[in-house]
Amino acid sequence: MTIGLRLFVLVCICTGSLYAQDLSEIQIHGFVTQGFVFSSHNNYLTMRSSAGSLQWTDGAVSVTDSVTDNLRVGLQLHMYQLGQLGGPDIQVDWASGDYKVNDHLGFRAGKIKTVMGLFNDSQDVDAVFLWTLLPQSSYPIDNQGFYLAHLGGEVYGEVPLGKRAGNLEYHGYAGQSSVPVNGGYWKQVADAGLTLTNAPGGTTYGGDLRWKTPLQGLIVGSSADVQAIDGTAVEGSLHIVPFLLSVHYAQYTKGRFYFAGEYDQSTTSAIVTMGPAVFPLPLDLRSWFAMGSYRISKKVQVGSYYSHYVNKAMDTTQPANYSKDWVVSGRYDFNSYFYGKIEAHFLRGTGLGFYSSTNPDGVKPNTNVLAAKIGFSF
Amino acid sequence: MSKVGWFVLLLGFIGCWSAARAQDVVLVANNDVAISNIRVADVRAIFTGAKIRFADGSHAVPVTLKGGPAHEVFLRNYLDETPSEFRAQWRKTVFTGQGAMPKSFDTESALLEYVTTTPGSVGYVSRISLKDDVKCLVVVK
């Protein structure tokens, strides 16, 4: 059974109809998307995209029950295929209990989406974005499973700062997270000759503060996340010392216009041990993006962004150590449930999204990408 | 009912009628909701899921229309959003596990029927009549 057919069956079983069901306080929602990628010069995101590829399918079903006014439980099952990444197995995207004491204080426990930056927790929810691909410098789709969620607890809430100062939303969390075995990092390590025997991971903790300013539509925020990674392999081990990822961002919505920007930075060193040999890999990752969009009508939205990534610890003149992406996007909502997107990327550098297994003859420095998606969400 | 009671009822009805006339919607709540006035910021917070309580601390249950002119007017006037933006925002909340979507109704009569029977519920319609057993909330800045 193809992954697309599996997704279709999953959605049909769980919903029974095309509309969200509401049995007492139980809610069921879901989405399915199908993408297409065509690229010049190189194959992108583990797909045979230079010949045009449809190997990009995504879907999820969520079930939520409001047990009491303050307590909500739920889970979301997710399935995706992106070229050689993902696969037929259904994964738990999140599964948590959420107790909201009042508007200022709440607790979540379980597998929780990690709130970080503008889009981290929602980066796999295609239906909410204009963009077919989010800025890959900050939200690389081939590795979205790594920062997406953690197993642990979270405290959250919103504090009013007074009528003239807006509100402050906060999130603090701690737990464990791991590198998905079907994601891009795992594949890159495997392509480098290290056969991991378990999912590398470790302790993570962090928080997010976002100021909803008194200027309606303007949000400014910062996030910090500390992550440790350790993994064992047949040939040796992978060790990344606990490192800090800091994120600073702002977004502004005014009428039909939307603007946003984000800056991310993390510095660490990955140490790969293969037998007696030790390979240190210094990382000083800087990435940022700036985006803007305009809603032409109820159904049509267009936009553009620039996404920039560089590893400052390496030779930044080498295409393998940077990625610069100019993007133009459009989205059409056929109705409340169906939508279509199309997007052009003008990529310079090969630091993100290119794999040796799908580019055996080497990677050329420049790539143009056409990406399109249709989606259904209820 | 006392003269004062009748006067307050008349003022409320005039307020609701005026709102409906002026390209606006009427904010309606279940009769057990204690408050009579609600700030615009609280309307926005309750209907976007940022707040689950009214100003007096009682639990708020927002309900919406699935579409139509009243839905669009409400979103534009009180949330400064289009239906697409409103939908996207709630989808984000639901699919990130941070909340449950408000109940939504095809018709205003179905919404009014739900508000009539559900404690804490708050919604909006283009107009109400005297026979509707709901409370009309006055929105203040």
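Here are some numbered notes on this model, which is a predicted one.

1. Start with the overall build of chain A. This chain holds three helices and 17 strands. Along the principal axes, its C-alpha atoms fill a box of roughly 60 × 45 × 40 Å.

2. How does the radius of gyration of chain A sit with that of a compact globule? The two agree, because a compact globule of 378 residues would come out near 21 Å, and chain A has 21 Å.

3. Next, look at how chain A packs. Of its 378 residues, 42% are buried. If you take the contacts in chain A between residues at least 6 apart in sequence, 59% of them join residues at least 24 apart.

4. Now for the inside. As a rule, nonpolar side chains in soluble globular proteins tend to be buried together. Here the largest nonpolar core has 61 residues, and Val37(A), Tyr44(A), Leu45(A), Leu82(A) and Leu134(A) are the ones with the most contacts inside it. Strand β11 of chain A (residues 236-254) gives the most to this core, with five residues.

5. Val37(A) deserves a click in your viewer. Setting aside neighbours within four places in sequence, its contacts include Tyr44(A) and Leu45(A), as well as Trp56(A), Val369(A) and Ala371(A). Apart from this core lies another one, of 29 residues, with Val26(B), Ala45(B), Ile46(B) and Phe74(B) among them.

6. You'll find Ala45(B) in helix α2 of chain B, residues 40-47. Is Ala45(B) buried or exposed? Ala45(B) is buried, because 22 other C-beta atoms lie within 10 Å, and the cut-off for buried is 20 or more. Not counting residues up to four places away in sequence, Ala45(B) touches Ala50(B) and Lys51(B). Val25(B) is 20 residues from Ala45(B) in sequence, and their C-alpha atoms are 18 Å apart in space.

7. Back in chain A, helix α3 (residues 184-191) has buried residues too: Gly184(A), Tyr185(A), Trp186(A) and Lys187(A). After α3(A) comes Gly193(A), with a positive phi near 105°.

8. Last, the place where the chains meet. In this model, 30 residues of chain A are in contact with 19 residues of chain B. On the chain A side, β2 (26-39), β3 (56-66), β4 (71-82), β5 (85-102) and β6 (105-113) each supply at least two residues. Sorted by class, that side has six nonpolar, 13 polar and 11 charged residues.

Definitions and conventions
Residues are numbered from 1 along each chain as its sequence is written. Chains are lettered from A and ligands numbered from 1 in the order in which they are written. This is a predicted model: local features need pLDDT of at least 70, side-chain atom pairs count only at pLDDT 80 or more; totals for chains, interfaces and linings use all residues. Two residues are in contact if their C-beta atoms, placed from the backbone, lie within 7 Å. Helices (H or I, at least four residues) and strands (E, at least two) are DSSP runs, numbered from the N terminus. Ala, Val, Leu, Ile, Met, Phe, Trp, Tyr, Cys and Pro count as nonpolar, Asp, Glu, Lys and Arg as charged, and the others, Gly among them, as polar. A residue is buried if 20 or more other C-beta atoms lie within 10 Å of its own, exposed if 12 or fewer, and partly exposed in between; C-beta atoms are placed from the backbone. The radius of gyration is taken over C-alpha atoms; the globule rule is 2.2 Å times the number of residues to the power 0.38. A nonpolar core is a set of buried Ala, Val, Leu, Ile, Met, Phe, Trp, Tyr and Cys residues joined through C-beta atoms within 7 Å.
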